[in-house]
Amino acid sequence: MSLKIRSVPPEVSPPGRSSLVDNQGRPITYLRLAITDRCNLRCRYCRPESGVPFIPHAEILSLEELERVSSIFCALGVSKIRITGGEPFSRRGCLDFLRRLKRINGLKNLHITTNGVKTSRYLDDLQEIGVAGINLSLDTLDPRRFNTITRRDYLDGVLETLHGTLDRNIPLKVNSVILSDTNNDEIIRLATLARDYPISLRFIERMPFSGTEKSDNLNGADLYQRLHTIFPSLAENSSISPTTARVFSLPNYKGQLGIIQGYSRLFCKTCNKVRITPEGMLKTCLYDNGALDLKMLLRSDRNDLEIGEAITASIKNRFINGHEAERLSERFEEPSMSVIGG
Ligand code: SAM
């Protein structure tokens, strides 16, 4: 009988350092795990009304596989993991999975991105687990518009999550995709969240997906101009080196405003993150077609050391930026953000 070595005790990188450094010298410290493609909303900019065909359960990474691959990444130097999807809480066992992840050696910050529809019921557990922050997706405070955008009537549940998160002092960011018909009044209403609460309110450029309705994209530069017109005293916080968003302060605001320019690919130079799709593809860039089939490796007899070596090799072969990735990988347009993990 042959003995399969499933796991080699990981040697954890020293704190603050990652041995995962790409071919451009960018340290990789941040992993986004899309743990499911399923979601209880049907946001117009994310997926079609009918949804996208669900990935069969056997094709998505099991929670055990996700835990194993997370510990391999942490052994290589990743210190921050974000759980996303689909809607993470649509996956049965999500909470226990978070508990297990939190115990991984080397993991310092565990975050979650959620639409908030059902999240309020889990907030006590998330606080107890020690989740470092919640990103809540919320594009409007108007119930009718919420219904139009998400095709569901769940704004109250999302607001319950928002206030419950604040009540528990869990750091909160709100992400709002700006659509071609998002008017200034809406932007002002959303910004009041950052005025009244310690919330980082980030406006997101819409990315095109093949399964979604076509609409004009408002790019980040236009968005910045609009914000500046609405809020003349907007001041960019340049003291931090941004990896995801431009951050702005306003006098007498408890929180901050931000712009996420993923479509403009503004932060490629400092990009420290990689993604794993629900099907177990490693994406070293949002715009590549997948750099490594982790599911295949995890379901083979490779041990953790060998999988770690394959990951390191992929990272050493990373595209310079999202434009190059899109051009050289002849990228196909995904049907929905849910199959990537936003
Ligand atoms: N269900 C969770 C949620 O709603 O936060 C996590 C998954 S969702 C795909 C992650 C983020 O992707 C959300 O903030 C959502 O607004 C964003 N997103 C979805 N489609 C997008 C698009 N076309 N352009 C930009 N962001 C998008």
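Predicted model: local features only at pLDDT ≥ 70, side-chain atom pairs only at ≥ 80, totals over all residues.
Helices here are DSSP runs of type H or I with at least four residues, numbered from the N terminus.

Now the ligand. How many residues surround it? The count is 19, and the closest are Tyr-45, Gly-86, Glu-87, Ser-137 and Met-207. By type, the shell holds seven nonpolar, nine polar and three charged residues.

Let's take the contacts to ligand nitrogen. Tyr-45 uses its backbone: an N or O atom there lies 2.9 Å from a nitrogen atom of the ligand. Glu-87 uses its side chain, with a polar atom 3.0 Å from a ligand nitrogen. Met-207 is a backbone case again, with a polar atom 2.7 Å from a nitrogen atom of the ligand.

How much of the ligand does the protein bury? Taken alone, the ligand exposes 550 Å², and the protein buries 94% of that.

Next, helix α9. It covers residues 304–315, 12 residues in total. From first C-alpha to last it reaches 16 Å, close to the 16 Å expected at 1.5 Å a residue. Its buried residues are Asp-304, Ile-307, Gly-308, Ala-310, Ile-311, Ser-314 and Ile-315. Why do they lie on the same side of α9? Because they cover an arc of only 160° around the axis. Turn to the face away from that buried side, and you find exposed Leu-305 and Glu-309.

Last, two arginines with positive phi. Arg-151 is in the loop between α4 (143–150) and α5 (155–167). Its phi is about 60°, although Arg-151 is not a glycine. Arg-265 is in the loop between β9 (256–260) and β10 (273–276). Its phi is near 55°, again positive in a residue other than glycine.

Are these arginines buried or exposed? Arg-151 counts as buried, at 13% relative accessibility. Arg-265 is buried too, with a relative accessible area of 11%. The cut-off for buried is under 20%.

That's my tour. Thanks.

Definitions and conventions: Residues numbered from 1 in each chain as written. Heavy atoms only, no water. Near = heavy atom within 4 Å. Polar contact = N/O pair within 3.5 Å; in protein donor to acceptor, adjacent residues only side chain to side chain. Areas by Shrake-Rupley, 256 points an atom, 1.4 Å probe, with all protein chains shown as cover. Nonpolar A, V, L, I, M, F, W, Y, C, P; charged D, E, K, R; others polar. Expected span 1.5 Å × (residues − 1). Buried < 20%, exposed > 50% of the residue type's maximum accessible area, 1.4 Å probe, protein only. Arc of directions from axis to C-beta.
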